[in-house]
Amino acid sequence: MTHFTPQFLDQLSQNIKEWGKALGFQQVGICDTDVSAHQAHLQNWIEKGYHGDMAFFERNQEKRIDPAELLPGTCRVISVRMDYLPPDASFATDLKRSEIAYISRYAHGRDYHKLVRNRLKQLGQKIAQQFEGLAFRPFVDSAPVLEHALAEKAGLGWTGKHTLTINESAGSWFFLGELFVNIPLPIDQPVEEKCGTCTACLTICPTGAIVAPYQVDARKCISYLTIEHDSAIPEQLRPLMGNRIYGCDDCQLICPWNRYANLTEESDFFSREGMKSEKLITLFSWDETAFLHNTEGSPIRRIGFQKWQRNIAVALGNADYDQRIVELLNNSLPHASPLVAEHIQWAIEQQTQRAQQATDTSIPIRLRQRLVRSIDKGLPRDA
């Protein structure tokens with residue numbers, strides 16, 4: 001058994017950070033396991049119902065507050081970050097084009113859970129070669145872990161008013177991961193919070209989900225609505241979602257610290273074909289087999305085909321009027337599940353209203369009525 005001399009622990013800590021960077025992590029920090037200061041905030045958030053349908057937040061709260069409950073003997077957490085911003089992200093362009101699907105930039109490439117977890121496992125194995133008594137366990141958004149609180153304690157950044165971790169030199173476009181270990185490594189110090197008086201993220205949120213600094217009501221959050229929420233999307237929120245079909249990046253896009261963000265060097269996070277600047281019509285035309293094929297290895301697959309169609313139907317309803325959209329929606333309606341059918345019907349109504357508003361009042365009333373009837377039936381204009 002190796003002795004825990006200060007010199008040994010200091011050297012091991014330096015080695016861990018070097019090994020982590022060699023494995024593709026842009027930053028590695030170390031902290032203790034005391035996150036009890038966040039317990040009251042977590043409980044208050046749950047009591048307000050801000051977690052929505054995510055009942056898992058109600059369970060295992062003791063494990064969130066005490067990491068040793070997840071791995072007995074844990075006394076340190078190695079927290080890591082990995083940049084994911086793909087080259088040529090085309091944020092502004094895609095958000096301005098209503099016929100294009102907007103997919104959150106973290107989901108353009110390979111599912112990060114397995115990739116980051118495998119790298120953390122390799123890091124643990126590397127440490128085990130130096131310390132035979134090591135017990136370790138990697139986590140990547142897969143267990144009751146307060147990852148942002150731990151990243152903050154480990155000095156990776158501070159928690160922004162949108163509740164994401166912000167790094168002064170890297171913004172917030174990165175994934176987090178944790179490696180629980182039973183070695184009393186020297187700890188890093190938290191960094192100064194630098195949001196100041198800025199409230200840009202609160203102001204820009206399309207649905208007003210950031211109800212106060214450091215408080216997000218998930219029930220209004222587009223990321224929650226398009227990914228975690230299983231039932232119908234509240235009708236009053238649908239027009240606010242625009243063309244966002246999987247996640248939302250607005251609070252990060254507006255954050256001034258993201259001017260310092262770096263593009264990822266991890267090719268697995270580059271945009272795959274069909275995920276960037278793809279037309280809504282094309283994506284909605286996929287059947288379930290095509291969906292499963294095209295989302296293989298992607299985090300998008302986990303929402304399933306029904307929610308995928310539900311989300312796109314809302315975006316099609318928000319798109320500029322296009323007769324092709326109306327035809328596609330009408331043709332899809334007879335075969336849709338009840339959940340999807342509700343959103344298709346809503347989308348058809350939105351498209352119909354938009355067409356009616358755009359109809360020139362100088363057109364004779366009979367011709368206008370004929371045009372509206374053709375839209376309702378999903379027929380060509382000259383039918």
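C248 sits in the loop that joins β10 (244–246) to α9 (250–253). Helices (H or I, at least four residues) and strands (E, at least two) are DSSP runs, numbered from the N terminus. The model is predicted: local features need pLDDT of at least 70, side-chain atom pairs count only at pLDDT 80 or more, and totals for chains, interfaces and linings use all residues. Residues are numbered from 1 along each chain as its sequence is written, and side-chain values use heavy atoms, with hydrogens and water left out.

C248 counts as buried, with 15% relative accessibility; buried means under 20% relative accessible area, exposed over 50% and partly exposed in between (1.4 Å probe, protein chains only). Apart from its neighbours within four places in sequence, C248 is in contact with S104, P206, I222 and S223, where contact means heavy atoms within 4.5 Å.

## The annotated cysteines

An unreviewed UniProt entry places the feature "binding site" at C205, C221, C248 and C251. These residues span 47 residues in sequence, yet no two of their C-alpha atoms are more than 10.8 Å apart, so they gather at one spot. UniProt positions are given in the numbering used here, feature names are shortened, and annotations may be inferred rather than shown by experiment.

C251 belongs to helix α9 and is buried at 17% relative accessibility. Leaving aside neighbours within four places in sequence, C251 has contacts with H162, L164, C201, I204 and I210.

## Packing of α1 and α5

Two packed helices are described by the angle between their axes and the distance between the axes. For helix α1 (residues 6–22) and helix α5 (residues 112–130), the angle is about 150° and the axes are 10 Å apart. Axes are lines fitted to C-alpha atoms, for helices over the stretch in contact, and angles run from 0 to 180 degrees between N-to-C directions. The two helices are therefore roughly antiparallel (angles under 35 degrees count as roughly parallel, over 145 as roughly antiparallel, 65 to 115 as roughly perpendicular and the rest as oblique).

From α1, F8, L12, I16, W19 and G20 meet L123, K126, I127 and Q130 of α5.

## L150 in α6

L150 lies in helix α6 (residues 147–153) and is buried, at 2% relative accessibility. Beyond neighbours within four places in sequence, the contacts of L150 include C31, D32, V35, V77 and F180. The C-alpha atoms of L150 and S172 are separated by 15 Å, and the two residues are 22 residues apart along the chain.
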